[in-house]
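Let's take a walk through a protein model together.

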Amino acid sequence: MNRDSPSTPPPGTGDTLGLLALAERQESSGRQQRLMVAAAATGLLVLVTLGGIVLAGLGLEPEKGAGGLLIALSVLVLGLIAGRNLYKLFRLSHVEAVLGHAFQAAISPQVIVDPQGRAVVANRAWHSWIGRDQDHAEAALAAKFGENAAVAAEFQRLRKTARSNQPGLAELPVLKGGRISEWRRVIVRPLSQNYIVWRFEDVSERKRAEQAVREEKAKLVDFMAHAPVGIYSVDQTGRFRFVNRTLADWLGCAMDELTGGSLKLHDILAQRLEGVAPYAVSAGPEGHLRGDAFMRNRAGESFPVAITQTVVMNEDGKALRTRSIVRDLRPEKSWQEALSLSEQRFQRLFAEAPIGIALLKSSMIVEECNETLLRLISRPRDAVLKRNFVALVPEDHQPEVLARLTAVAGGKDAQKPLELRGFGDPGASVILHAKSFASSGNGGEAGLMLFVADYTEQKRMEAQLAHSLKLQAIGQLAGGVAHDFNNLLTAMIGFCDLLLQRHKPGDQSFADIMQIKQNGNRAANLVRQLLAFSRQQTLQPKVLSVTDVLAELANLLRRLIGAQVELKLVHGRGLGLVKADQGQLEQVIINLVVNARDAMPQGGQILIATSSHHQERPAQMVQDVMTPGDYVRIEVKDHGIGIPQENLQRIFDPFFSTKEIGSGTGLGLSTVYGIVRQTGGYIEVQSALKHGAAFIIYLPVHVEKEKPAGAVADMGAEKQAADLTGAGTILLVEDEDAVRVFGARALRNKGYHVLEARGGEEALRVLEEQDGKVDLLVSDVVMPQMDGPTLVRQVVAKRPDVKVIFISGYTEDKFREQLKEGEVVHFLPKPFSLKQLAGKVKEVLTGEVDE
């Protein structure tokens, strides 16, 4: 809505136009104008005629007398005057007719209103804009501009201005539904007699053009102000004439501080520039056009920028100004630093990666590799770079490596890596992964990326795991077989003892029975070896001095090795005590010494040396990891043929032997390994062909602890008691009929009253039916439906005074965890003899138990 000064007269208006409008209202056709002209001519003619008549009436002839001539001239003059006035009236009528046509033909709506605001005359454009039915013009105009209060108020102001006999001008919008439909330039001018003329020029196109210009200008201003680069202009003195908001924000200033203050370009540059123009950005021949610089913000912080500018002269040819663009280099510097850091990290990752990495061209030529790869293949860098990678691989692997790399380079994705042996080191194993990469698009060609990982340790650990699982499986099998064998051997040895009670020495059957018993005992020893290997043998650990054990065993060892082999003992000083089963420890030493003897068929020396050993950190020992601590070290060393390297990992396998068939069972070293590990120790082997072998045993030093409650009271070594008879009631629970029959007969022969049961549930029924006291419960551990420990808990709950002996082909380790704190039980391992059974029963019943 625009408003012009009221003093500006609107063009094309005036009293003449107003009168013309009034005349047009009375005479509205061209025919009436023509009648006026004819009337004027007729009037002139009438005047001339009347003048002649007057002269004639007076009797005066025109050509006679001066008086008549004077009168005639007067009449003539009057006629001429009247004709002239009539002509003017004709001309005026013609002009007003032309103006009336122009008024009607105007493209802008125009209307003349009377003092009451009613339309006196209006053109066709008015009727088209407002409507022909709108007689009250100003009311229609008030409605036209009345949708918006401000516009309505401005229209009323124009109206009051005209009524106060002053012209007015304003540009008002016409709204429809709250939106501008058009713009009108409203011109109002007062006429005589309090009439008013209104004209409404359509300025919508100009307004739209102006709005478009304003919007584009606003966009340009916004772009200039918030452009991602700084923009400024300085004059020849370096004073700022323009600065956009971006640069002002970088500098921490307001724009008017730079353009309206005393700051100059060189005031915000961190470096001092001397001998250059005030508008130059750097030194040098092109410093006035471009340069890298550091700007300083209000806080005094400098930041790098790149400035490019042009210098233009003003119209006067004297002053100049610049058009300057400033690019903030901080993000670029940050990107460069990040890129450099990324490159450093990648280079460090590439160089220090724990796996070998190589970059190959499509022709298999090595372009780059890291130190790990060089170490894996045991070659210097110059022997690897620019060489075909396939040629670096062991010959037996070259065909498959070439095929794999060719396939990967052709786009095939290799899921499974290649395993290569003898890569660099004959004993090493590596796995090879290959991945293709495409061309970088800037001159780089496609190629392959190789990853080579050392697989040696993992292969060794996998072999150890497989070996351990195999030993575990064999151990479980051996334990199960030993359990069944022990039941059979218990019956065989037991019934032999019963037979020997009836067949004394000198009897014809005595020798046969003894032969059966001796072979049964041999079988029992074999079973003990199986249990020792599987670490399920029942041990009787005691606190021992290794020095004393070896001293007692020395004579037996010398008889075993013969005269050709010398036995040398070297005892260490200050050895700690160990807790072990003396018999099993002696068995370990005997097995190692016998093996050492067999390794020196021509004779030699066997050294047994002891010492103290402190282990600082975990160490690998065969298939186990030795934990830190204090140990007693026992070394058995020979100077025999040695052990081949390929056999070192198998010598502890069960049934593995390098001796001739029939010369050994293959259980000697596996038994040694099982006993040592079951004791909590470790074993190490050192050997080389033709340089002998050394077996080193590490037994943990025993630290005396308080005896725990609820432990197994005694493992029941065979008692050589003079009198094994006794009295009392014994409940014997055993699911193996042969073992139960033998045990019951043996105990009855010694004077005991024996109750028998085939299982736990039957034993409970027997106890319910037994009115008298039961002194001892002898039960198998593993039985169907109800096992021994469960049976014992139920029995003890009802008869807390009952004593218990467990018998089993397994060890007491199988049920130790099932015992509750405070439960005291006794254990007798199978196979046992009649004397062992009777002796154990008497010990428990009389309370004379050896610790």
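**A walk through the model**

What you're looking at is a predicted model, where local features need pLDDT of at least 70 and side-chain atom pairs count only at pLDDT 80 or more, while totals for chains, interfaces and linings use all residues. Residues are numbered from 1 along each chain as its sequence is written, and side-chain values use heavy atoms, leaving out hydrogens and water.

So who does E138 meet? The side chain of E138 forms a salt bridge with that of R159 (2.6 Å, N to O); a salt bridge is a side-chain nitrogen of Lys or Arg within 4 Å of a carboxyl oxygen of Asp or Glu. This pair links distant parts of the chain, with E138 in helix α5 (residues 137-144) and R159 in helix α6 (residues 149-163), 21 residues apart. Helices (H or I, at least four residues) and strands (E, at least two) are DSSP runs, numbered from the N terminus. R159 is partly exposed, at 26% relative accessible area. A search of the whole structure finds 32 salt bridges.

Another one joins E171 and R206, with the closest N and O atoms 2.2 Å apart. Here strand β4 (residues 168-176) holds E171 and helix α7 (residues 204-226) holds R206, 35 residues apart. E171 counts as buried at 8% relative accessibility, whereas R206 is partly exposed at 32%. Salt bridges that share partners join E171, R185, R199, E201, R206, K207 and E210 into one network.

Next stop: strand β6 (residues 196-202). Five of its seven residues are buried, so β6 is largely enclosed by the rest of the structure. Strand β5 (residues 179-190) runs antiparallel to β6, joined by seven bridges; two strands pair if DSSP finds at least two bridges between them. R184 has D202 in β6 as its bridge partner. β5 and β6 make a hairpin with five residues between them, and Q193 in the turn has a positive phi of about 60 degrees. Strand β2 (residues 110-113) also pairs with β6, antiparallel over four bridges, and Q110 has R199 as its bridge partner there.

Finally, find helix α17 (residues 582-598). Its 17 residues should span 24 Å at 1.5 Å a residue, and the end C-alpha atoms are 24 Å apart, which agrees; the expected span is 1.5 Å times one less than the number of residues. Among the buried residues of α17 are L585, V588 and I589.

Definitions and conventions
Buried < 20%, exposed > 50% of the residue type's maximum accessible area, 1.4 Å probe, protein only.
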